[in-house]
Amino acid sequence: MRWVNLLLLFFSAFIVFADKQVFGYAAEPLMNEFGINSAQWGILGSSFFWLFIITSFVGGTWSDRLGTTKIIFIVLGGLTIVQLGAYAIIGLPMLMLYRILLGAFEGPFLPTGMSHITHRFPTELRGLALSIFISAASLGGIISSPILVAMMEKYGWRWTFVSLGVLSLTMLVIWGMMDRYSKDKQKPTSSKANQLKWSEIVPVLRNPACFLTLALSAATYCFILWMALWAPIYLTKVIKLEPMQMAYAISASGVASLVMVILISSISDHIFKKSQSYRKARVLVAAITTIIGGLALAVIPLLGNSILWICVALCVAKGSTYVNVSMSTQVMIKLMPERAGLMSSILTLGNNTTQLVAPIVIGILVQAGGANLELGFNYSIYSMVGLFILTSVLYLIFVKPDNVSNDVYTTNSSKGEVV
């Protein structure tokens, strides 16, 4: 039953990602219909994150008490209502409200999904399971983009939005039926987890394993954002690729990196099965592959206009670093296993904060090159390389999750409470 749950979670992630991306594909018709200028469009784009950051933390944390399945149902139900209401959008204020609500309902999905997998899968299978779940976003971009654009051109943006609402509703009904007749229901959160206080959580957050894991994940998200926002410009303006060559290079690197992530995660699971050590299976694998990815990224500016080798370097850099999304989740949850939702939410909060700050920092670095665009991009690339190498070395030295005690779950007999 756990694999059926993963399949449902995968398709739900696919739909959630499509919901997020479809707004960008509708940019031209929306701007023309409502007379939206570039500044207003930028505000609309950022409005998605106004409540997203809050609900991703709150919703993921609540999943420890309400159960992950209930939170996922709330997400799918909310997306259904928002998307089916597309025909009610008649102006800029309604479009802004649509965007804000979409972000609010999508926020809890990623940390809750990670917690859901943690509850359903044994440790030796979590690397693969988390990688499959996370890969839904990348596959969603590869597969859904041409479909959504074609639908928009033929039927218009409103009908396309509504069709995604129908998909969310369909997934909600299927998952609801499966959950109703399933004997493998999630167990309620233990009373110990409910009694935890922030004063007891703070020592865990101060642990080097916690903040260095957050740092490594943040470094990875800097690169993810660089690939999404800046790689197309770098490949066309600096490397001088044609637009279609750039598209093929990014798509090929995306597919290859997915294969690498799943392969590395499977190797990590195998190591854990043999050693029962988080340090060997998660920390060492994450640190070593990140160093390899950083070195591959460092080589790209030295490759000239060689499309083939640039594509290979991108594949290695992406696959070797993107695996941190899975590895970081497992290390964070290991620090407080009975609060998987909380720890996933903390990790997601760090990643979301990075997504807000990183584009600005990268833009400043690129601009620092002045008229020399290549120099500016090299600043951004080698800054990320330095970040990867530094965090990986610190990760290797200081992160020892197997040695983390679960003192927060022990009972203080003198006070009769959880400490």
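**Notes on the cores and ring pairs**

1. Let's start with Met152: its relative accessibility is 9%, so Met152 counts as buried (buried means under 20% relative accessible area, exposed over 50%, partly exposed in between, with a 1.4 Å probe and protein chains only). Met152 belongs to helix H7, residues 123–155 (helices are DSSP runs of H or I with at least four residues, strands are E runs of at least two, and numbering goes from the N terminus). Setting aside neighbours within four places in sequence, Met152 is in contact with Val22, Tyr25, Ala26, Trp157 and Thr160 (contact means heavy atoms within 4.5 Å). Between the C-alpha atoms of Met152 and Val366 there are 34 Å, with 214 residues separating the two along the chain.

2. A word on the source: this is a predicted model, where local features need pLDDT of at least 70 and side-chain atom pairs count only at pLDDT 80 or more, while totals for chains, interfaces and linings use all residues. Residues are numbered from 1 along each chain as its sequence is written, and side-chain values use heavy atoms, leaving out hydrogens and water.

3. Next, the largest nonpolar core, which has 55 residues (such a core is a set of buried Ala, Val, Leu, Ile, Met, Phe, Trp, Tyr and Cys residues joined through side-chain atoms within 4.5 Å). Phe223, Trp226, Tyr234, Leu235, Leu297, Met343 and Tyr395 touch the most other members. Helices H10 to H17 each supply at least two residues of this core, and H11 gives the largest share, 13 residues. Apart from this core lies another of 49 residues, including Phe48 and Met114.

4. What does Leu235 touch, not counting residues up to four places away in sequence? The list is Lys240, Leu241, Met246, Ala249, Ile250, Ile310 and Leu314.

5. Now the rings: the whole structure holds 21 aromatic pairs (Phe, Tyr and Trp rings, the six-membered one for Trp, pair if their centres lie within 6.5 Å; planes under 30 degrees apart are stacked, over 60 edge-to-face, the rest tilted). Trp226 and Tyr234 have ring centres 5.7 Å apart and planes at 55 degrees, so this pair is tilted. Trp226 also pairs edge-to-face with Phe377, at 6.5 Å centre to centre and 85 degrees between the planes.

6. Finally, two charges over rings (NZ of Lys or CZ of Arg within 6 Å of the ring centre and within 35 degrees of the ring normal). Arg2 has its charged end over the ring of Phe121, 5.9 Å from the centre, and Lys334 lies over the face of Tyr278 at 5.6 Å.
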